[in-house]
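Please consult the sequence and the structure shown here while reading.

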Amino acid sequence: MKKKIVIAVLAAFAAATVAFSACEKSDYSVMRSAFTRINGAVAAEKLIEVKSGDTVLSSVEEVYESDAGVYLVTTTTTTLNPIGEGDGMYATEVEGPVTKSYIVAGRFPVEGELEGAQYSGEEAALTLNAGLSSGYFAELGLEEDDCSDAKITASLSDGKLVSMRVTYVSSNGNDVSISFTFEY
C-alpha cells in the first residue's frame, strides 16, 4: 500500500513538473513573440549603414509614424560622393512619406541560427546577444562568403521589442549594420 502511495505521489509530482515547464516560456520564445508584435509600435526607425573604418559609405534610414492604422514612411538615402563631385561630402535623397501597412523588418532568426546566445535580464526587460549563422543571410540572397562576424542584439522593455541590431562584415571588408528602434 505504501508503495502505491509513493508511486502515486511521484506520478503526480512528475505530471505537475511537466505541466509547469510547458507553461514556462523560453527566453527565445519571449524575444520572438515580442518581434511578432512590432506592428503595434506608434513609431519606428530602421537604419542601414555601410562603413569603411569610421567613414560612412552609405546609409538608408526609414522613419515610420503611425497614422490611422497605417504607417507613413519617410526614407532618407545618403551616399558618399566621389572625390571632387557633388555638393559636399555626401549626397542625400529624401522620399516620402509613403503609406505602408506594416513595419518592414525582415524576420527574426530561428533559434538554430543563433550562435552562443546570451540572454540577460528579466522576461519583460530581456536582452539578447548572439552570433548569427550564415543560414540567416542565405534567405537574403547572400552567400556564406558575403558576410562574416555576424551578430544580433535585441532588447525588450515592458515586454516589447524596443531595439534590434544586426551587424556583419561584408566580403569586401565593410562593416554593415541594420538597426531598428521601436516606440510604443
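How many helices and strands does the secondary structure of the chain come to?

## Overall architecture

The model is predicted. Its chain holds 3 helices and 9 strands, and from the N terminus the elements follow the order α-α-β-β-β-β-β-β-α-β-β-β. Among contacts between residues at least 6 apart in sequence, 45% join residues at least 24 apart.

The chain has 184 residues, of which 28% count as buried. Its accessible surface comes to about 11200 Å², with 55% belonging to carbon and sulfur atoms.

## Nonpolar core

The largest nonpolar core comprises 33 residues, and Ile 103, Ile 152 and Leu 161 touch the most other members. Elements giving two or more residues to this core include helix 2 (27-36), strand 3 (70-80), strand 7 (147-157) and strand 8 (160-170).

Beyond its neighbours within four places in sequence, Ile 103 is in contact with Ile 38, Asn 39, Ala 41, Ala 44, Tyr 64, Tyr 71 and Phe 182.

## Aromatic pairs

The count of aromatic pairs comes to 6. One of them, Tyr 28 with Phe 108, is tilted, at 6.0 Å centre to centre and 45° between the planes. This pair links distant parts of the chain, with Tyr 28 in helix 2 and Phe 108 in the loop between strand 4 (90-100) and strand 5 (114-120), 80 residues apart.

Tyr 136 and Phe 137 form an edge-to-face pair, at 5.3 Å centre to centre and 85° between the planes. Tyr 136 counts as buried because its relative accessibility is 9%, under the 20% cut-off. Phe 137 is also buried, with a relative accessible area of 1%.

Notes:
Residues are numbered from 1 along each chain as its sequence is written. This is a predicted model: local features need pLDDT of at least 70, side-chain atom pairs count only at pLDDT 80 or more; totals for chains, interfaces and linings use all residues. Side-chain values use heavy atoms; hydrogens and water are left out. Helices (H or I, at least four residues) and strands (E, at least two) are DSSP runs, numbered from the N terminus. Buried means under 20% relative accessible area, exposed over 50%, partly exposed in between (1.4 Å probe, protein chains only). Contact means heavy atoms within 4.5 Å. Accessible areas come from the Shrake-Rupley method with a 1.4 Å probe; for residues, only the protein chains shown count as cover. A nonpolar core is a set of buried Ala, Val, Leu, Ile, Met, Phe, Trp, Tyr and Cys residues joined through side-chain atoms within 4.5 Å. Rings of Phe, Tyr and Trp (its six-membered ring) pair if their centres lie within 6.5 Å; planes under 30 degrees apart count as stacked, over 60 as edge-to-face and the rest as tilted.
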